[in-house]
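Colleague: I have a model open and want to learn how to read it. Can we go through a few features together?

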Amino acid sequence: MKILFFGRGVIGSQYGWALEKAGHTVDYYVRKGRKDLYAQGINATIYDSRIKDYRKFHWNIHCIDEIPTEHEYDLIFLSINPEQIPVAIEELTPKIGNATLLFFCNYGRDVYSAIGSIPVDQVVFGFPGAGGGYERNDLYGILMKSVEIGYTDSAPTAREKEVIDLFASAGFKISLQKDISKWLFLHYIANAAMEGAAVEAGGFKEAVSSGKALANMARNIRKMSPYLKAKGVRKDALLTVMSILPPKFMGFVMKNLVYKPGSPMYMAQTHNHFKPGYAVEEIKADAKALGITLDIND
């Protein structure tokens with residue numbers, strides 16, 4: 001399969017490497033002026049859950065700074081920050097051709113509205129199992145074995161099946177989600193809770209290094225319960241557990257197990273330089289429109 005990644009982000013870099021290793025053709029569309037810099041390649045240190053070990057390698061990536069109107073890409077891979085999505089969709093719409101758009105973004109609003117006028121039957125919605133950050137051209141990441149893929153009918157469509165087969169060809173396990181929109185929304189709630197804690201702590205590295213900050217994440221989830229009720233959305237198992245167990249206990253567990261110093265999850269977050277707060281503001285604005293005031297740290 002011939003794949004175009006929109007941007008050289010942390011998520012796309014790791015999946016692009018994995019898919020190219022599996023025999024697929026991978027290109028990266030980057031902003032003008034970045035092509036030469038990114039052509040120097042990536043020095044990667046990632047924890048690859050497929051082999052349950054770290055990999056360290058240098059990878060030369062192929063970049064383009066203009067998407068041809070007539071192209072032969074089978075798939076366009078979109079995994080960017082939520083605030084970047086409208087501009088990306090506007091740019092991709094006239095150039096989508098017959099390619100499948102893989103919407104692999106952390107997004108808390110209506111995903112079907114997010115794609116604009118791109119035909120919904122050309123879009124596959126999903127969510128990555130990867131994270132980390134860049135230090136210039138040095139990538140520090142974590143690549144989980146499982147990815148989430150949504151399906152819009154009683155069974156996956158032909159395009160959804162192609163994406164499922166694509167990830168399977170690289171050794172990934174696929175978790176199918178019948179209601180991917182709800183799944184993404186609940187993930188966004190958890191993300192907003194973490195971002196609120198990170199804002200208060202001074203960043204993601206500081207948040208995962210502090211039991212107090214991680215306890216605040218659990219408190220933020222509790223505070224969003226009235227909002228979820230107003231939206232008519234039930235919590236999933238993870239949010240339910242974090243709402244029931246004492247926040248201090250959850251903070252202790254996450255700091256000493258999930259984000260234990262030296263662990264892959266800890267490494268990924270310590271290099272995560274994304275500015276937290278956007279998800280918090282989106283959730284608070286949506287809640288306010290429903291008459292609910294959310295006291296989430298921001």
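Modeller: Start with lysine 95, in the loop between α3 (85–92) and β7 (100–103). Keep in mind that this model is predicted.

Colleague: Which residues is lysine 95 in contact with, leaving aside its neighbours within four places in sequence?

Modeller: Ile67, Pro68, Thr69 and His71. Take isoleucine 67: it lies 28 residues from lysine 95 along the chain, yet their C-alpha atoms are separated by 7.2 Å.

Colleague: Next, glutamate 148. Where is it, and is it buried or exposed?

Modeller: Glutamate 148 sits in strand β11 (residues 146–150). Glutamate 148 is buried.

Colleague: What about a partner of opposite charge for glutamate 148?

Modeller: A salt bridge needs the charged atoms within 4 Å. Glutamate 148 has none: lysine 173, the nearest side chain of opposite charge, is 9.0 Å away.

Colleague: Which side chains make polar contacts with the side chain of glutamate 148?

Modeller: Serine 175 is one, at 3.1 Å. Glutamine 177 is another, at 2.8 Å. Beyond four places in sequence, the contacts of glutamate 148 also include Phe104, Phe127 and Trp183.

Colleague: Now the surface. Which residues make the nonpolar patch of about 260 Å²?

Modeller: Leu257, Val258 and Met265. Methionine 265 belongs to helix α12 (residues 264–270).

How values were computed
Residues numbered from 1 in each chain as written. Predicted model: local features only at pLDDT ≥ 70, side-chain atom pairs only at ≥ 80, totals over all residues. Heavy atoms only, no water. Patch = residues over 30% accessible without salt bridge, like charges linked within 9 Å, V, L, I, M, F, W, Y side chains within 5 Å. Areas by Shrake-Rupley, 256 points an atom, 1.4 Å probe, with all protein chains shown as cover. Helix = DSSP H or I, 4+ residues; strand = E, 2+ residues; numbered from the N terminus. Buried < 20%, exposed > 50% of the residue type's maximum accessible area, 1.4 Å probe, protein only. Lys, Arg positive; Asp, Glu negative; His and termini not counted. Polar contact = N/O pair within 3.5 Å; in protein donor to acceptor, adjacent residues only side chain to side chain. Contact = heavy atoms within 4.5 Å.
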